[in-house]
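Hi,

Here's the structure I said I'd pass along.

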Amino acid sequence: MITITNDEKSRAARIAGPAFETMLPVVVPELPPMTEFLGDVQRILSSKQLTSGSYVRQFEEAAAAYLGVKHCVAVASCTAGLLLVLKALNLRGDVILPSFTFHATAHAVVWNGLTPAFADCDANTFCIDAKQVREQITPRTAAILAVHIFGNPAPVVELQEIANAFDVPLVYDAAHAFGSRSMGVGVGGFGTAEVFSFSPTKLVVAGEGGLVATNEDVLADKLRAARNYGDVGNYDPEILGVNARMSELHGAMALRGLSGLQARVARRNEIAKRYENSLSGLPGIRFQQVSERNVSTYKDFSIIVNESEFGRSRDSLVQYLLRQNIGVKTYFSPPVHMQKLYRELWDGQSLPRTESISNGIISLPIYSALPDESVDKICDAIQQAQP
């Protein structure tokens, strides 16, 4: 006689039919308390000051205090911040950056008339490989643009050593990393500048918006002008800027979003650990590695599927999970160097780890309100998918 345990019955019940009655989203915006924010909206509308007002200034000051940096310059988006940082640095030549990133990172390079030089990523952390960066430095190198992928801090010490040795600026696309820490230090003060995003998928949400953090006085002054067409108020622009201001409404939402950030980071780390504990025994499944010295925001939680070991391809597993009403993404597939806008700009250098990760990646649902029960159902579905 075969005895079925209560745990087995529970698991069978969870995987019978679609895992969820309706589609479970891969992300849910981390919104501030509605009552407080609506009060801010009312005050902003009553003041008639919709831009360049007190809420954005308060947000910049609070963000600078949180990050431990001298200057924070709020902008309309992370992409706008990257564009303006590269413009303010007055660069010419090549910029070394990862191909395993969101394409906005590369867009900022090309929009500035600079040439992207793609470097391979680390197979474990998914961040840019510092050794590859060093090997790609040439006399044409104008800057290094690294990325804290999914909130996992890049190798900041090694990259700074390279930047210092070759006297080039080091800029970070920190879109995913507001709340991350490297060796006990909050991401934000590394390199020449770090640029954050507050779009709806991030841990601090402004609706849309970005922020440049820097300890360099001259750069901060240039950025404040650049976000306002390059005009400091005398209608005689000092830099070729754009309208990249953050509105008061977005500033108010972002300011409210700072409250409770550490709790959201902690919750996402709990969810990531639960995924790893449940799936670590499955052949052909591995995870992004975060150093014990670092803290990731886990803006995304991703698994890498090895088809030959798991018994099902990444794309087949994606379709299976979608049929289970589990929302997933394939961040970032294809990698930037294989996208149609960048194929001709790519120098042809082999990027095997980037392509391997990109071909196998699936980003699973993660947000601070995601219940443990839902995480367990997702893990059960992945286990059930294995032939």
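**The chain, then helix 3**

Of the chain's 387 residues, 53% count as buried. Keep in mind that this is a predicted model.

On the overall fold: the secondary structure comes to 14 helices and 13 strands. A compact globule with 387 residues would have a radius of gyration near 21 Å, and the chain has 22 Å, so the two agree. Along the principal axes, the C-alpha atoms fill a box of roughly 85 × 55 × 35 Å. If you count contacts with a separation of 6 or more, 72% of them are between residues 24 or more positions apart. The accessible surface is about 17,200 Å², with 52% of that belonging to carbon and sulfur atoms.

I then looked at helix 3, residues 54-67. From first C-alpha to last, its 14 residues reach 20 Å, close to the 20 Å expected at 1.5 Å a residue. Its buried residues are Y55, V56, F59, E60, A63, A64 and L67. They end up on the same side of helix 3 because they cover an arc of only 165° around the axis.

Just after the helix, G68 takes a positive phi of about 75°.

Cheers

Methods. Residues are numbered from 1 along each chain as its sequence is written. This is a predicted model: local features need pLDDT of at least 70, side-chain atom pairs count only at pLDDT 80 or more; totals for chains, interfaces and linings use all residues. Side-chain values use heavy atoms; hydrogens and water are left out. Helices (H or I, at least four residues) and strands (E, at least two) are DSSP runs, numbered from the N terminus. The expected span of a helix is 1.5 Å times one less than its number of residues. Buried means under 20% relative accessible area, exposed over 50%, partly exposed in between (1.4 Å probe, protein chains only). The arc is that of the directions from the helix axis to the C-beta atoms. The radius of gyration is taken over C-alpha atoms; the globule rule is 2.2 Å times the number of residues to the power 0.38. Contact means heavy atoms within 4.5 Å. Accessible areas come from the Shrake-Rupley method with a 1.4 Å probe; for residues, only the protein chains shown count as cover.
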